[in-house]
Amino acid sequence: MIGAVFFIFGATGDLAKRKLFPAIYSMYREGKLGENFAVVGLARRPRTNEQFRKDVCESINQFARYSIEEDESCSSFAEHFQYMSLDINNVDGFKALRGLTEELDEKFQTGGNRLFYLALAPELFGNVAFNLREGGLLETEGWHRLVIEKPFGYDLPSAQKLNTQLRQVFEEQDIYRIDHYLGKEMVQNIGIVRFANAFIEPLWNNRHISNIQITLSETVGVEERGGYYDHAGALRDMGQNHMLQMLAMMAMEPPSRLLPEDIRDEKVKVLRSLRAFTSSDDVRANVIRGQYANGETEGKALSAYREEDSVNTNSTTETYFAARVFVDNFRWAGVPFFVRTGKRLPAKTTEIVVEFKNVPDNVYLTEKHELEPNLLVFRVHPVEGIHLKMNAKQPGGEGSVIPITMDFAQSSVVGMNTPEAYELLLYDASRGDSTYFTRWDEVAHAWEYVDKIAAAWKETTEDLQLYPAGSWGPEGANELLEKDGFKWWPVHGQE
């Protein structure tokens with residue numbers, strides 16, 4: 001069992017309420033946390049311990065996987081929680097925090113183990129790290145780990161600056177850069193399906209696969225994040241992290257050992273093998289950017305992006321992008337990876353479609369039947385599972401061939417109450433397993449790749465395509481595949 005003090009910076013924020021407190025409670029209910037733990041909530045606004053504990057229990061009642069039964073009180077769990085109002089720029093506050101932490105170490109026998117979770121804006125990471133050191137919070141014999149949220153910088157130079165600051169205080173092995181998509185069950189299942197099945201791995205290459213499609217679609221607009229989003233855009237918000245991480249999981253080679261560093265080494269090799277864009281014309285030929293305009297869904301009118309709160313009325317920020325990506329190594333040479341993500345699309349889903357090459361033309365069956373290609377689909381969200389599409393004889397037909405599907409639904413095996421991504425990742429960080437966290441060189445290679453796209457977009461806005469809110473994005477995204485003879489395959493929830 002884990003014994004540690006968890007520090008939640010930004011404890012009054014939405015992430016803590018919706019994800020972190022419920023994750024800690026699930027770990028507690030499942031016996032991953034015993035009684036030797038404490039949680040210190042930190043934020044600027046004043047709160048008493050009683051108010052904070054009430055907030056935690058309300059968060060659990062509303063968002064946790066496990067409900068609190070009528071005969072069970074949240075109070076025994078909440079007794080492990082303390083609150084402290086903290087100005088993160090004032091080192092004296094950190095010295096006071098050290099005193100509180102030493103009391104909790106003694107009370108809960110945590111062995112000096114400390115996990116610092118920074119649910120804060122990235123520009124604050126450096127100051128917090130320095131003040132943790134100056135405040136004496138790292139002076140114990142236990143382990144000290146820093147968990148930080150995306151975005152890790154705005155581009156490669158800002159990410160390098162941020163990393164330099166953190167490395168002055170923490171070793172790389174103690175920095176856990178969280179990407180919650182890597183905590184999703186079906187993303188983690190990609191490697192198992194690939195490397196544990198003898199009938200799949202031999203086909204996992206350019207001789208048998210024609211293309212791979214990664215879709216991450218959202219139905220919502222920018223909501224209350226207009227100010228942030230207008231500065232970031234879809235490329236930085238989703239492309240640099242979630243999309244490239246899922247691509248790396250699909251394309252990586254089998255690791256030599258099932259150790260975190262060996263697995264992350266293989267992902268880095270993929271990111272290093274991405275075909276770089278050589279010019280602005282090259283970017284425009286392979287990357288489509290769009291922005292949602294006025295539209296409707298189910299008869300409800302939807303505002304254009306430029307009409308959203310805190311968004312510049314002349315904004316050219318992309319809310320959608322699609323790209324054709326190539327991994328130039330021996331296994332994947334010539335196979336396009338098509339990625340797309342966007343806001344105000346018709347369905348909220350994350351899926352990865354592997355399209356296999358079809359059987360040769362003008363041979364058995366293909367002379368009389370137009371056979372569809374085989375598909376292997378990883379459904380990541382909201383439905384978790386694996387979907388296999390293959391050709392078979394139509395029952396009762398006279399030799400007719402039709403596509404059939406075989407489905408594995410995660411919920412039908414493990415139940416609907418599957419672990420949430422933040423729960424899995426928080427547990428991994430607590431026990432020192434960095435497999436599904438991004439290492440610095442992964443971050444750097446990803447920024448290097450997307451920075452070339454962003455630089456080309458700065459030169460002109462002529463290639464920005466508007467698409468109606470509630471549609472599947474700009475027409476250019478379809479044309480991107482059509483010129484290679486492919487099409488976007490329907491995803492879950494798409495009619």
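**Helix H9**

I began with what covers the buried residues of H9, and the cover includes H8 and helix H13 (440-459). Contact, here and below, means heavy atoms within 4.5 Å. I work from a predicted model, in which local features need pLDDT of at least 70, side-chain atom pairs count only at pLDDT 80 or more, and totals for chains, interfaces and linings use all residues. Residues are numbered from 1 along each chain as its sequence is written, and side-chain values use heavy atoms, with hydrogens and water left out. Helices (H or I, at least four residues) and strands (E, at least two) are DSSP runs, numbered from the N terminus.

I looked up the length of H9 next. Helix H9 (residues 260-272) has 13 residues and spans 18 Å from first C-alpha to last, close to the 18 Å expected at 1.5 Å a residue. The expected span is 1.5 Å times one less than the number of residues.

I listed the buried residues of H9: Asp262, Ile263, Arg264, Glu266, Lys267, Val268, Val270 and Leu271. Buried means under 20% relative accessible area, exposed over 50%, and partly exposed in between (1.4 Å probe, protein chains only).

**H8 against H9**

I checked how the two helices meet. The axes of H8 and H9 come within 9 Å and cross at roughly 110 degrees. That makes H8 roughly perpendicular to H9. On the H8 side the contact is made by Leu244, Gln245, Leu247, Ala248, Met249 and Ala251, and on the H9 side by Lys267, Val270 and Leu271. I sorted this contact by class and noted seven nonpolar, one polar and one charged residues. Axes are lines fitted to C-alpha atoms, for helices over the stretch in contact, and angles run from 0 to 180 degrees between N-to-C directions. Angles under 35 degrees count as roughly parallel, over 145 as roughly antiparallel, 65 to 115 as roughly perpendicular and the rest as oblique. Ala, Val, Leu, Ile, Met, Phe, Trp, Tyr, Cys and Pro count as nonpolar, Asp, Glu, Lys and Arg as charged, and the others, Gly among them, as polar.

**Disulfide**

I searched for pairs of cysteine sulfur atoms within 2.5 Å, the cut-off for a disulfide. The count comes to one. Cys57 and Cys74 form it, with their sulfur atoms 2.2 Å apart. The torsion about their S-S bond is about -95 degrees, so the disulfide is left-handed. The pair links distant parts of the chain, 17 residues apart: Cys57 sits in helix H2 (residues 49-63), Cys74 in the loop between H2 and helix H3 (75-78). Cys57 is buried at 15% relative accessible area, and Cys74 is buried at 9%.

**Backbone exceptions**

The peptide bond from Lys150 to Pro151 is cis, with omega near 0 degrees. Pro151 lies in the loop between strand E5 (144-148) and helix H6 (156-167). Another cis bond joins His381 and Pro382, with omega about -5 degrees.

I then noted Gln109, which is not a glycine but has a positive phi of about 50 degrees. Gln109 lies in the loop between helix H4 (91-108) and strand E4 (114-118), and counts as exposed at 52% relative accessibility. Glu223 also has a positive phi, near 50 degrees. Glu223 counts as partly exposed, at 40% relative accessibility.
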